[in-house]
Amino acid sequence: MTTEQQNKSKTLIRERSAKRRSLYKSVDRTMQFIFRLCGLIAALMIILIVFFVAARGIQVFLPGYENPVSLGEFLTGMRWRSDQGVYGVLFIVINTIITAFFAGLIAFPLSVLSALMIVKIAPKRLSNALTTVVELLAAIPSVVYGVFASGAITDIVEKIAGWFNYTTFGGNSMLAVILLLAIMIYPTITSMAVVAIRAVPESHELGSLALGASRTQTNFKVVLSSAKSGIFAGLILGLGRAFGEATAVSMVAGNAFVGPTWNPFDLTRTLTTTMLSGLHETVGVDYDVRFSVGIVLMIIILITNLAINALRKKMESGD
Amino acid sequence: MNRIRIIKDRIAEGFTWLSSGISALVLIAIFVFIFKRGWSTLNWDLLKNNYNSENLMAGYDHIDWDEHGAFTAPDTLPEDAFFSEKYGVAFVDSINAAKESQMEVVFLDPESPLQDGKITTAGPRQGEKFGMEEGLFLKKISYINLEGEKKSAGLTATQGKTSEELVSVLDNDSQEVVDFYAQTEGGGLKGSIITTLLLIGLTLIIALPIGVFAAIYLHELAPKNKLTAWIRSSIELLSGVPSVIFGLMGMTMLFQVTRLMGITGQSTMLGALTLAVILLPVIIRQTEEALINVPDGYRMASLSMGATQFQTIYKIIIPNAMPGILSATLLSISRIIGESAALIFTMGTAIMDNPAWNSRGTSLAVHIWTVMSGEQPNFELASAISIVILIIVLILNVSVKYITYRMTRDKDDQKKNNKKAKATAET
């Protein structure tokens, strides 16, 4: 081989590897771009959701709309008669908050105690079994809860109403909604509380035990208050689920026309059941007003989040 | 510790036992209720039948009737069935849920000439092959009698209103069958099952790449800055949005996307797109979890061997994160099967027997909603479908648990091995 030939093949190899390197680089860049794009798409969704739902929901209040709804009447109204063109959302908001609040009131203590049981008290086997129970409850789809509620919970409610000499509409009532929601948010709060209690540093417990507190005292006073932040995060998630739960609730709510409902054996109407009722038409006020209800729902969830966060901060600073 | 303290502790502990007990009881109550109500309704016919029953008329004008001889009844025939020896067919009288009497075809000899009919009802299926078959509900049969006149018999005719009469008329008075009019059995889940499968396929095709890529971006590529933090918190927020809101979003925003594909109304595609958005946070979280479990050493080794970043991701990281991606897929499937509210908005509530990606349809969950929200809620059917859904969802969740268990166990094993290796190296 002459030196000339050697040089030639060397440059050839160099050129090829340079070409390959630039190809790799461009593949690298394109893929990086695609990855970043996917990340951005995922992040943009929430903004798009808020924007599109709000745009459609505000539309019915604007003067250009055919049969516009008055915003004031919508926000303060205590009647919802879509057949008469009366749309008042205030009583629905109150109903939604009451049902979610009472569901939380039932589920929260049960959840926290169960979580404590799973992490600290139960022996390993039982703890695993209980974890599975919670996971199964979380995995059951909402329609199945709906079938259970409209078959079993309504029967129970009817019986309870009988004790108080009330008649219900086949058991469909606010109490049924509350019980159903309590069951549905229980696994959400419990699993968050379990994570929070697991994360409590052992030194806190040991400290408490060393000071002479009993095991149970330590669990209830030290462990729970250390895990408070996570437990409240669970409560937020749970209430969010209670506000947003649609199919199961609408199977037992009964959709009252006026409200707010104070008697637990009366029919009720929540924001989600309103959105799901009478889905036959696809144009007009009746259809578009669902989006306005959707905005109200999102605002309520947001306010609840902020309120509970504020409460948590206050409790933490109070310690 | 004094006695009061002990009693107080016991009571407090008792409450934890009580609350866990209540949760277990509720779970058992749900399962017992659903299985008790639905088990007797659940069978294979339910799974493979159409929902809407069809009225069809089939004719036999192209058959040479002389060819066929006498048939013998099989031993397996139920006692209340009546068998026609001339045509090899057996009927049973029954009363349906609407208290109407009906005549079911319970047996048809495979050689019977009655199976070679053609549809004569006007419509798109006219001329299609359709004969007598088991499971059909016969209304009327027209035949040529021994005198050569055309007569009819059956439930809607003047004679042959019971199986016994009909069979005797057919065997003793007919030369050949002209046509028959029958109703197919309805109330089945076939269409909804197909729609559900279609929905799972479409949703995963859309959601998996975006979700996995987004997770890879967040964990492998993203710089630690405000933008990344914002992306993370946005995705976190997305998981807190209720599914009705996703349904609304599907109706306004994604509807425009499906309109570009030439779909004018609610469709399975629209449902799949909406579900894809719902699943993004789930897939991203699960995949990231798996990426965290891939040891950093793998990445460094691959990069130091001269592999590019994409090669490292494609050849090292994704294969190692596969169990996590798999469990994300299984969790997604279980969410798709259970989702109802968003699909009611985007796919409609009309149960279809011949679903397509660009037409309306119901998944199994929405099927439950439809039969429950009618004038007469059908608990038995709803519970039967619930059993199907529960079994699938439980299997999926157990698989996810197993995969996660394997993943963490592998990681623990690795740690142990590392420790051992270190220990031996030191000695």
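## Domains of chain B

Chain B is divided into domain 1 (47–183) and domain 2 (190–422). This is a predicted model. The C-alpha centres of the two domains of chain B lie 48 Å apart. Contact between them involves six residues of domain 1 of chain B and five residues of domain 2 of chain B. On the domain 1 side, those residues are two nonpolar, three polar and one charged.

## Strand pairing in chain B

Strand S6 (residues 137–145) of chain B has several partners, taken here in turn. With strand S4 (residues 101–108) of chain B, S6(B) pairs in the antiparallel sense over two bridges. Here B:Glu104 stands opposite B:Phe137. With strand S8 (residues 174–183) of chain B, S6(B) also runs antiparallel, and eight bridges join the two.

Strand S7 (residues 150–154) of chain B is another antiparallel partner, joined to S6(B) by five bridges. B:Ile144 stands opposite B:Lys150 in S7(B). S6(B) and S7(B) form a hairpin, with four residues between the strands. In the turn, B:Gly148 has a positive phi of about 85°.

## Overall form of chain A

Chain A holds twelve helices and two strands. Along the sequence the pattern is α-α-β-β-α-α-α-α-α-α-α-α-α-α. The radius of gyration of chain A is 28 Å, well over the 20 Å that the globule rule gives for 319 residues, so chain A is more spread out than a compact globule. The C-alpha trace of chain A spans about 110 × 75 × 40 Å along its principal axes.

Of the 319 residues of chain A, 45% count as buried. Consider the contacts in chain A between residues at least 6 apart in sequence: 71% of them join residues at least 24 apart.

## Domains of chain A

Chain A is divided into domain 1 (1–59) and domain 2 (89–318). Taken over C-alpha atoms, 46 Å separate the centres of these two domains of chain A. The contact takes six residues from domain 1 of chain A and six residues from domain 2 of chain A. On the domain 1 side, three are nonpolar, two are polar and one is charged.

## Two asparagines with positive phi

A:Asn165 is found in the loop between helix H5 (142–163) and helix H6 (174–198) of chain A. Phi of A:Asn165 is near 60°, a positive value in a residue other than glycine. Is A:Asn165 buried or exposed? A:Asn165 counts as exposed because there are 6 C-beta neighbours inside 10 Å, and the cut-off for exposed is 12 or fewer.

A:Asn255 is found in the loop between helix H10 (247–252) and helix H11 (271–276) of chain A. Phi of A:Asn255 is near 50°, again positive in a residue other than glycine. A:Asn255 has 17 C-beta neighbours inside 10 Å and therefore counts as partly exposed.

## Contact between the chains

The contact takes 71 residues from chain B and 67 residues from chain A. Which element gives the most to the side of chain B that touches chain A? Helix H1 (residues 3–38) of chain B does, with 19 residues. By type, the residues on the chain B side divide into 50 nonpolar, 17 polar and four charged.

## Nonpolar cores

In soluble globular proteins, nonpolar side chains tend to be buried together. The largest nonpolar core has 170 residues. The members that touch the most other members are A:Phe148, A:Leu180, A:Leu181, B:Ile245, B:Leu280 and B:Ile368. H6(A) gives the most to this core, with 19 residues.

B:Ile368 has contacts in both chains. From chain A, B:Ile368 touches A:Val143 and A:Val147. From chain B, it touches B:Ala382, B:Ile385 and B:Ser386, not counting residues up to four places away in sequence. A second, separate core has 32 residues. Among them are B:Phe83, B:Val106, B:Phe130 and B:Leu170.

How values were computed: Residues numbered from 1 in each chain as written. Chains lettered and ligands numbered in written order. Predicted model: local features only at pLDDT ≥ 70, side-chain atom pairs only at ≥ 80, totals over all residues. Contact = placed C-beta atoms within 7 Å. Nonpolar A, V, L, I, M, F, W, Y, C, P; charged D, E, K, R; others polar. Domains from an automatic or database assignment. Buried ≥ 20, exposed ≤ 12 C-beta atoms within 10 Å, placed from the backbone. Rg over C-alpha atoms; globule rule 2.2 N^0.38 Å. Core = buried A, V, L, I, M, F, W, Y, C linked by C-beta atoms within 7 Å. Pairing = 2+ DSSP bridges.
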